[in-house]
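Here are a few notes to read alongside the model.

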Amino acid sequence: MSLRKRLMLVYTLLVLSLGVPQLVCAAVSPSQLPVKKTYKIAAEWALPPFSYITSNGSFVGASIDIMDKIATYNNLAFEYIPMDLARAEKELQAGRIDAIAGMTYSTEKSGAFDFSDPYFTMSDALIIPKEKRQAVHSISDIRSLHVVLQNRKPVLESLLNLRHSNLTVTRNQLSGMLLLLEKRADVFIGNKWTANVYLRHFRQQDNFIILEEVIEPADFAIAVRKGDDSLLAVINRTLTTMKAKGEINQLMNNWLMSESDVQIARLQKFIQLLATVLIATACVLLFIYLWNQRLKKAVQSRTEELWLLTHHLQEQRQDIADRDAFKEQILNNIHTGIVTFSMDYTVTSYNTRANEMLGFTDGFFKEKNYPPLLARILAHYRDNSEQHQSHKNALTKLEINESGVWKVIYYRLLTLHDAQKKQIGYLLSMTDRTEETRLEQKLVMQEKLHALGQLVAGVAHEIRNPLTSIKTFVDLLPSKYDQPKFREAIMEHLPAEINRLNAIVTDLLDYARPRSPSKEMYPANALLTSLLTFLRVTLEKKEIVLEQSCQDDIAFYTDPQQIRQVFLNLLLNAIDAVEETAEKKIIITVEKENAETGRITIADTGTGIESEQMKRIFEPFYSSKHNGVGLGLPLSYKLLRENKGDIRITSHPGLGTKVTVFLPLHKPEEES
């Protein structure tokens, strides 16, 4: 059969395939979920390898595979309808189909259809007979030749601009290729992949040449009806996902590269790899030879260097051994016990002091048979794990009193890390402070006895003066009772001395046994008002300026009576301090220290307090005033501690004194 007859037979079969019942390739998800709608998708019937009908009637191609992927991703069903592009455009405009797969984008068509994102970009090439290869090198050489091409407007407009051009426009690439193969045209312009498929199919690949000249590149996309935004959004979203995963490139490569091309590419890679290996082997052999020659000359030099390195390495080993011995001596001679553990708390090492404190026995390494004290420390650490998390690296006190043996242990459990900062275990440091604690208790007891002696001496001193006066009057009573002036003196001085004795005893009792505070909400403004009521006359009489500043809505949670007594004592001290100075000023400031504590500051411009006196201001019966008892500040301090407060005093001689009192703020839940 002649070539012309074969071509006509194939053409007739392909044309008749348009009358074949429409083929459906429904893409269903792997899970076989039910779908709500079946979309009709058209594609060119003779555009291999993008979309075409096979000999067994299947409609396949790269564009079809991409649509199958879109259907699978979105649980959709697609019915594929093969037709030529012109008919597909009319069907889409009429609404009888839902989309066209593998349609080239153009500005003109974008007014009639909505296009998806492109999934492939192609440009047309020149397909010419081999005998015209010398005459045709580019598109400018086809002016006087008969050119056949598919009706693609951008390419057509470019060729129409060429003078003396003889053009024939076909409905599809198959028609154009048949005209070229029948020698009814000199040049065919179309995409190289489709042309290559037809040349191979008709076994004409040796008689024609494909010139890959870029002619009006165009984007391959999916067209939908104008305004069908929902379907377009699904397609674009899926194309974006497939591009990110590399699925589109993989699908296109599967269709665009023929098996022979793949084999040739693999063979080329193998030849390149083999050549690279052979060259590398030759280079290695040459290098080995040259290196061997140089090595013979350098053997003696390298041997000497190796000896020096060995000697240096021995010195380094000795240095490391000396440092390890030095560290071990330090660890074994410090007063702190050190124990290291692995990640599962198996003991890995300990120093001499730890052994003295814990009393390790044989076999505990493998069986985790901890000594009793170590077991108590680890159990105490686990029981207080939350506290350790909030106070990392802090020393923890463990007090043990069992079987008449009392011990006080301070310990800290830290994490061990290697050079790469990776945790490899734990380190326990512990100190036995039992003897130190006993000594501290003895010192505290001695200090208490000393303070008691000072208290007794102060009480005796304060009581002796009024008792001396009373005794004098009693001794003179038998001889001078008849004298009116003597009786008047008794009536004047004796009650005063008795009242002084009563005041001393009362203050002493208040200091020794203060009553439990009756706490309630006490506004700061009420405290200041109460103090000014007591002291206004004294301040005006002594011409003292009192400035006050109080932050709004501050209320304390204290015993009002006790706190008034505290601030009355402090203000009386301030009044006495500024009484003899040129500038007589007292400043009271009330503000919040934080969310739970308020701060009251009393600053005066008085004479100040000497540093030696500052050390004793809270001692009972110590006073720098001529007629002071010395119980005001000690009693104030005790009352503040009873109300969960605190006091701080700073003073500079000649510059004045500042007293800062901290009190808890009132909270609504405290009343309930």
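**Notes on the model**

1. Trp291 is partly exposed, with a relative accessible area of 42% (partly exposed lies between buried, under 20%, and exposed, over 50%; 1.4 Å probe, protein chains only). Its place is in helix H10, residues 259-333 (helices are DSSP runs of H or I of at least four residues, strands runs of E of at least two, numbered from the N terminus).

2. A word on the basis: this is a predicted model, where local features need pLDDT of at least 70 and side-chain atom pairs pLDDT 80 or more, while totals for chains, interfaces and linings use all residues. Residues are numbered from 1 along each chain as its sequence is written, and side-chain values use heavy atoms, leaving out hydrogens and water.

3. The unreviewed UniProt entry annotates residues 270-292 as "transmembrane region"; such annotations may be inferred rather than shown by experiment. In the model this span is 100% helix and 0% strand, and its end C-alpha atoms lie 32 Å apart.

4. Asp124 sits in strand S8 (residues 120-129) and counts as buried, at 8% relative accessibility. Its side chain reaches the backbone nitrogen of Asn191 at 3.5 Å.

5. Now for some backbone geometry. Most residues other than glycine have a negative phi, and most peptide bonds are trans. Lys183 has a positive phi of about 65° and is found in the loop between helix H6 (173-181) and strand S11 (187-191). Lys421 also has a positive phi of about 65°, in the loop between strand S16 (405-417) and strand S17 (423-432). The peptide bond from Pro48 to Pro49 is cis, with omega near 0°.

Note on methods: A polar contact is a pair of N or O atoms within 3.5 Å; within protein, one must be able to donate a hydrogen and the other to accept it, and residues adjacent in sequence count only if both atoms are side-chain atoms.
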